[in-house]
Amino acid sequence: MSKLVELLKMVDDPRDKRGTRYSLYQFLICIIYGFFCGVDNALDISDFVSTHFKYFNETYGLIKAPSHDTFSRIFSMLNVKALASCLGVFK
């Protein structure tokens with residue numbers, strides 16, 4: 001899992017650094033876990049992370065479960081091609 005985290009840390013964060021509470025890689029980990037568990041929208045990912053918060057806190061240092069609004073903002077800003085390239089999907 002550390003290799004995945006290192007790859008996700010290389011993805012450019014499009015957010016304004018002011019007021020940022022979470023690392024982008026933490027969001028991406030939550031999203032990836034959610035997708036693998038059949039969750040495919042911001043509201044359900046937020047619920048999924050809340051349900052499994054202890055795991056995300058202990059494993060990835062998440063300080064609080066992000067809201068669905070926060071996940072929605074990340075989805076809207078995310079450069080999916082850059083993420084896929086970082087993960088080796090496009091070569």
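Ground rules. This is a predicted model, where local features need pLDDT of at least 70, side-chain atom pairs count only at pLDDT 80 or more, and totals for chains, interfaces and linings use all residues. Residues are numbered from 1 along each chain as its sequence is written, and side-chain values use heavy atoms, with hydrogens and water left out.

Start with Phe 48. Phe 48 sits in helix 3, residues 42-51. Helices here are DSSP runs of H or I, at least four residues, numbered from the N terminus. Phe 48 is buried, at 13% relative accessible area. Buried means under 20%, with a 1.4 Å probe and protein chains only. What does Phe 48 touch, leaving aside neighbours within four places in sequence? Tyr 33, Gly 34, Cys 37, Val 39 and Phe 56. Contact means heavy atoms within 4.5 Å. Ile 31 is 17 residues from Phe 48 in sequence, and their C-alpha atoms are 9.5 Å apart.

Now Thr 70. Thr 70 belongs to helix 5, residues 68-77. Thr 70 is buried too, with a relative accessible area of 16%. Its side chain makes a polar contact with the side chain of Ser 67, at 3.0 Å. That term means a pair of N or O atoms within 3.5 Å; within protein, one must be able to donate a hydrogen and the other to accept it, and residues adjacent in sequence count only if both atoms are side-chain atoms.

Last, helix 5 itself. Thr 70, Phe 71 and Ile 74 are buried there. Viewed down the helix 5 axis, the buried residues fall within an arc of 100°, so they line one face. The arc is that of the directions from the helix axis to the C-beta atoms. Their cover includes helix 2 (24-36) and helix 3.

How values were computed. Helices (H or I, at least four residues) and strands (E, at least two) are DSSP runs, numbered from the N terminus. Buried means under 20% relative accessible area, exposed over 50%, partly exposed in between (1.4 Å probe, protein chains only).
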